[in-house]
Amino acid sequence: MDASYIFIDHVALFFSTQCSFTLNVSGFPVADMTQVTLPQRRVMLSDLITEEITGCFQQEQIKELKLYKIANELLQTERAYVTRLHLLDQVFCAKLTEEAGKGTFPVEVVKGIFSNVGSIYTFHSQFLLPDLETRMSQWASTPRIGDILAQLAPFLRMYAEYVKNFDSAMDLLKQWTERSVQFNAIIQDIQSQEACGNLTLQHHMLEPVQRVPRYEMLLKDYLKKLPEDDPDCSQAEKSLNIISMAATHSNMAIRKMENLKKLMEIYEMLGGEEDIVNPSNELIKEGQILKLAARNTSSMERYLFLFNNMLLYCVPKFSLVGQRFTVRTRVGVEGMKVLETSNEDYPHTFQVSGKERTLELQASSEQDKEDWIKAFKETIEIFQQKNETFKSASKEVADEVSVKELGKRAPRWIRDNEVTMCMKCKEPFNPLTRRRHHCRACGYVVCYKCSDYKASLRYDGNKLNKVCKDCYFILTGRADAEEPVSGKKRGILEIEAAQVSGNSFLCGFLQYSTDRTKPCQRVWCVIPQHDALVLYLYGAPQDVKAQCTIPLLGYQVEDVQRSVDHPPTSFRLCQSKSVHCFTADTEEVKLRWLKVIRKAVIGEIPECQTPVDDNLANGCHEVGH
């Protein structure tokens with residue numbers, strides 16, 4: 001409050017002859033101001049004005065102190081942040097680039113991981129931090145930071161490139177840490193240094209993603225403490241608008257990282273289940289559930305992981321560490337239905353049916369049942385909406401571009417956000433391994449595998465353009481050896497795992513490797529009845545395509561004994577220089593596989609094995625449960 005207003009208010013009060021309230025004058029109470037002499041009133045007025053002005057000044061000092069603290073926090077955190085950027089750019093990136101120059105691994109890998117972190121480091125170390133240092137040293141005469149941020153905030157847009165590349169960077173880092181010994185050794189060496197603070201490279205790489213939201217938070221706090229009529233207010237608001245836009249992208253990246261972290265936890269709980277750690281997967285709901293048996297009135301404890309595209313139906317392993325669940329069935333959301341059921345003996349039941357399996361489930365309470373049904377219905381609805389988008393986009397292109405006009409006129413390009421999967425192979429897009437590309441002939445949005453072709457287009461002066469596979473064969477007049485235009489013959493690997501598992505001599509999970517120095521991969525193995533001399537290897541029991549096949553005829557079967565490198569449940573298939581190493585879960589499972597394989601390698605038809613689980617699909621003789 002202005003001191004002049006205080007003075008006027010108190011003068012009017014103290015020199016009024018109508019006042020009749022109790023006041024404390026020179027240490028004794030007076031009931032009526034008419035009893036107070038003029039000199040006494042002057043003393044009282046002086047004391048009260050001094051007290052109130054002192055209070056106002058103290059409030060002003062407190063506000064100024066709070067503003068200073070916010071500005072100083074910005075400076076201190078900026079110093080620490082520049083130190084981390086130096087570690088990323090001048091240590092990690094520099095060391096890896098130096099090693100890549102020797103040909104140990106591609107330089108493009110290092111560039112792909114660190115993106116534009118060099119530009120970010122230069123901006124903060126040479127511009128923003130020095131300006132903040134100068135301003136804080138002159139705070140007594142220039143107590144503001146809004147003008148600095150308003151001037152430099154537009155440069156924060158460079159973070160969009162870093163954030164956009166973040167998922168791909170994490171994937172590249174994971175791949176090359178596993179693939180290259182030298183790459184991993186450099187990272188481990190730097191991480192062991194004191195400057196790293198016992199934190200991983202991934203942790204430090206997340207800091208630029210988190211920094212922009214931190215600016216937004218500090219600036220909002222600064223504006224709250226800033227008087228509305230302060231000249232720095234407009235500059236601070238201007239910078240906040242720019243920073244908030246950049247923070248939105250960073251927050252999305254943070255949410256993606258949190259999702260990937262959760263997926264990694266699930267991956268470990270499931271013992272390395274394939275295709276879990278994928279940015280296109282989103283966990284919707286998880287929890288315990290009871291499964292009602294179809295043949296009796298018993299119920300069994302199960303665990304569900306509901307994702308945006310599939311349901312994992314799991315069996316608990318009751319293990320305190322490591323793998324906690326075994327995936328019994330994957331049910332795709334496509335074609336899935338959920339139905340509330342009524343059971344006199346078992347309350348809170350509902351049914352989930354899909355192409356792969358129908359499950360009768362019992363929730364722990366009525367509320368739990370409603371929550372599960374709601375989660376299933378919302379997931380199915382969102383999935384169907386995305387599918388409809390894909391279908392309508394495909395229909396529009398089919399209507400617009402005929403075979404006769406293909407390449408003769410420019411097509412309408414389907415927008416990236418109109419589809420969620422490749423319009424040719426229908427594989428879902430994700431920012432790591434399956435990005436979007438446009439066919440220049442038909443305008444379809446396709447993945448890199450389906451766009452790895454070039455053909456001359458008349459509308460573009462017969463220049464070579466990137467086109468999809470189908471357009472390539474139409475435009476060039478060639479026949480596709482793998483998938484002829486007529487007949488659509490499927491390759492040998494394009495046989496669904498569920499199809500062959502349902503009619504097999506033996507199927508189940510095994511650990512598999514072709515090199516004892518490399519970690520084993522958990523694969524779904526099948527010896528189908530229609531192809532008894534071939535072993536099919538799938539990533540999972542519901543995969544539509546095998547990873548590889550092994551023609552068993554002529555192989556030598558070796559029962560590996562207990563050793564340092566191999567557990568007693570291991571066996572090998574050897575032929576010339578080709579070696580395939582397998583490990584079963586138990587000795588009994590290993591013996592059953594050996595019994596079937598030893599007949600197949602000499603050209604004899606194996607005998608069907610007895611199913612281990614009566615709940616398996618007809619004809620699927622599964623081991624390893």
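User: In this predicted model, which residues does Phe183 touch, not counting residues up to four places away in sequence?

Analyst: Phe183 touches Leu96, Phe105, Val109, Ile113, Leu173, Trp176 and Thr177, with residues up to four places away in sequence not counted. A contact requires heavy atoms within 4.5 Å, so each of these residues has a heavy atom within that distance of Phe183.

User: What makes the set of residues that includes Phe183 a nonpolar core?

Analyst: Phe183 is among the residues with the most contacts inside the largest nonpolar core, together with Phe114 and Met205; this core has 67 residues. The name applies because its members are buried residues of nonpolar kinds, joined through side-chain atoms within 4.5 Å. In soluble globular proteins, nonpolar side chains tend to be buried together.

User: Which elements give two or more residues to this core, and which gives the most?

Analyst: The elements are α2 (38-100), α3 (107-114), α4 (117-137), α5 (146-152), α6 (159-179), α7 (181-191), α8 (201-225) and α9 (233-269). Of these, α2 gives the most, with 15 residues. A second, separate core has 25 residues, including Phe505, Ile527, Phe571 and Trp593.

User: Why is Pro106 called partly exposed?

Analyst: The relative accessibility of Pro106 is 35%. Buried means under 20% and exposed means over 50%, so a value of 35% falls in between and Pro106 counts as partly exposed. Pro106 lies in the loop between α2 and α3, and it touches Ala100 and Trp176, not counting residues up to four places away in sequence. From Pro106 to Leu96 the C-alpha distance is 10.0 Å, at a separation of 10 residues in sequence.

User: How do you know that the side chain of Thr341 makes a polar contact with the side chain of Thr349?

Analyst: The two side chains are paired at 2.8 Å. Thr341 is in the loop between β7 (337-340) and β8 (349-353).

User: Which residues of helix α11 are buried, and what covers them?

Analyst: In α11 (residues 469-476), Lys469, Cys471, Tyr472 and Phe473 are buried. Buried means under 20% relative accessible area, so each of these four residues lies below that limit. Their cover includes β12 (453-457) and β13 (463-467). After α11 comes Gly477, with a positive phi near 75°.

Conventions. Residues are numbered from 1 along each chain as its sequence is written. This is a predicted model: local features need pLDDT of at least 70, side-chain atom pairs count only at pLDDT 80 or more; totals for chains, interfaces and linings use all residues. Side-chain values use heavy atoms; hydrogens and water are left out. Buried means under 20% relative accessible area, exposed over 50%, partly exposed in between (1.4 Å probe, protein chains only). A polar contact is a pair of N or O atoms within 3.5 Å; within protein, one must be able to donate a hydrogen and the other to accept it, and residues adjacent in sequence count only if both atoms are side-chain atoms.
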